[in-house]
Number of protein chains: 2
Amino acid sequence: MEAAGSLCLTALVGMPTVAAGADLAALIADAASRSGVALEHGDALVVAQKIVSKAEGRRVRLAEVEPSPRARELARTVDKDPRLVELILRESQQVLRARPGVIIVLHRLGFVLANAGIDASNVESEGGGEAVLLLPADPDASAERLRRGLRALTGAELGIVVNDSFGRAWRLGTVGTAIGVAGLPALVDLRGTPDRTGRALRVTEIGTADELAAAASLLMGQAAEGRPVIHVRGFPYPPRPGKASELLRPAHLDLFR
Amino acid sequence: MEAAGSLCLTALVGMPTVAAGADLAALIADAASRSGVALEHGDALVVAQKIVSKAEGRRVRLAEVEPSPRARELARTVDKDPRLVELILRESQQVLRARPGVIIVLHRLGFVLANAGIDASNVESEGGGEAVLLLPADPDASAERLRRGLRALTGAELGIVVNDSFGRAWRLGTVGTAIGVAGLPALVDLRGTPDRTGRALRVTEIGTADELAAAASLLMGQAAEGRPVIHVRGFPYPPRPGKASELLRPAHLDLFR
């Protein structure tokens, strides 16, 4: 374990604004090439949820949303647009907490997060109407498609993480979090691995894809979407099929819902 | 925001086993030198809690701990060593959840975490007695001392993060988390910063030190303590005085205690 290790992350330059139907794999391969980054076997790419959602046409114009009575009522409690609340409810299995300004839900994908991950920033409106962006329909599948698309274009077997900025219980500030994974382990199980003194380990599982998502988030920034793709060399865990859904804590093991 | 950005993390080699009273700044400066890493202005170092605690003599022999009646009772509930439970209670403001195998506390430092962060792995016993390691008494102060010590040795103004592996609500797997910070922003406030379309941002604060702590954790590994110091070049937020305590969510803003 004394071998040198290094992990280098590079923001790709030259990603264009992504339109619905765009071929993300092709856009990313072009941006890598323009950035002077060779995509090699074992590298990873962390891709912002926002551009995945845009490519998949997950933009919704609020003018086209008809809020239900339940959404209208909840909207009064939280002081939000009833049409946005309607979309939050449609994207969720359960509302866990609702306070003025805040709705925390169990998303249909199993994530616990604010506003069902619906993003109202950096979404261009067309014809003056407000639009918002939903999470991808199936971000693990999005990551896998991207992995295959990039393998076809470059020949390289890459790991892919789709990330988003999530708030946390107990701590302030968002951190980059994995919502879709392909080609690398989302969770690494060390149970039973002995430590240096020969005892069993106290820490048993590592959220490796979340750690990578957080690292990449540092370079993505938040105030603009100019850096939505981060190239990673040196992710230290061997490639394998992986899914962000590995990271979901089953309800019966969760003491904080 | 289209400028290239890169972030490179390197595990220092050659850190010795750290004894109580060790001069961590000197050990780290030596290891950097042996690793061929020049410590430069604006670089950061992420240092594992374990070696900070060891240097500060936070090792406790369980044979010297007398459990209180409350600790004995809680130990039966959670099926843990009553002496360990005694230490957990001494280190905590409040027990938030207790189930067989799990005690989640509000630590005296304000963190919500399992077992008050007390580590029974990789702690060498002396004379056959079991020992555990408490968190540093004041990890922000530990980070600041390290920052000053390294400035004195190298002339460089560095950012320092002391990290530990924390579990999370809702998600499986631990992630590296900042428990001590000096010389860089733990939390970056973007409230009011416009996005590319001119709207106000939805995401307002970023847990930058936690993102950095998570990134470094990828290289530290867990099964041994051979890589407890990670050098970071390219942390993208300007240096300023910072504290990990910036990341603590005040109880009145916390919906999940």
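**Overall architecture**

The structure is a predicted model. Chain A contains six helices and 12 strands. Of its 257 residues, 50% are buried. Among contacts between residues at least 6 apart in sequence, 61% join residues at least 24 apart.

**Domains and their contact**

The domain assignment of chain A gives domain 1, which comprises residues 8–58 + 135–248, and domain 2, which comprises residues 59–133. Taken over C-alpha atoms, the centres of domain 1 and domain 2 of chain A are separated by 25 Å. The contact between them involves 14 residues of domain 1 and 10 residues of domain 2 of chain A. On the side of domain 1 that touches domain 2, helix 2 (49–55) and strand 8 (159–166) of chain A each supply at least two residues. Helix 2 of chain A provides the largest share of that side, with three residues. By class, this side of domain 1 holds five nonpolar, four polar and five charged residues.

In helix 3 of chain A, residues 69–78, the residues Ala71(A), Leu74(A) and Ala75(A) are buried. These residues lie on the same side of helix 3, because they cover an arc of only 110° around the axis. The face turned away from this buried side carries the exposed residues Pro69(A), Glu73(A) and Arg76(A). The cover over the buried residues of helix 3 includes helix 4 (82–90) and strand 4 (92–99) of chain A. Just after helix 3, Asp79(A) takes a positive phi of about 60°.

**Strand pairing**

| Strands of chain A | Sense | Bridges |
|---|---|---|
| Strand 1 (residues 6–11) and strand 12 | antiparallel | four bridges |
| Strand 2 (residues 44–48) and strand 12 | antiparallel | four bridges |
| Strand 5 (residues 102–107) and strand 6 | antiparallel | three bridges |

Strand 12 of chain A, residues 229–233, is mostly covered, with four of its five residues buried. Within strand 12, Val232(A) is the bridge partner of Leu9(A), and Val232(A) is also the bridge partner of Ala44(A). In strand 6 of chain A, Leu113(A) is the bridge partner of Val105(A).

**The loop residue Thr204(A)**

Thr204(A) belongs to the loop between strand 10 (188–189) and strand 11 (205–206) of chain A. This residue counts as partly exposed because it has 17 C-beta neighbours inside 10 Å, whereas a buried residue would need 20 or more. Leaving aside neighbours within four places in sequence, Thr204(A) is in contact with Asp189(A), Leu190(A) and Arg191(A). Thr204(A) and Val188(A) are 16 residues apart in sequence, and their C-alpha atoms are 8.4 Å apart in space.

Technical notes
Residues are numbered from 1 along each chain as its sequence is written. Chains are lettered from A and ligands numbered from 1 in the order in which they are written. This is a predicted model: local features need pLDDT of at least 70, side-chain atom pairs count only at pLDDT 80 or more; totals for chains, interfaces and linings use all residues. A residue is buried if 20 or more other C-beta atoms lie within 10 Å of its own, exposed if 12 or fewer, and partly exposed in between; C-beta atoms are placed from the backbone. Two residues are in contact if their C-beta atoms, placed from the backbone, lie within 7 Å. Domain bounds come from an automatic or database domain assignment. Ala, Val, Leu, Ile, Met, Phe, Trp, Tyr, Cys and Pro count as nonpolar, Asp, Glu, Lys and Arg as charged, and the others, Gly among them, as polar. The arc is that of the directions from the helix axis to the C-beta atoms. Two strands pair if DSSP finds at least two bridges between them.
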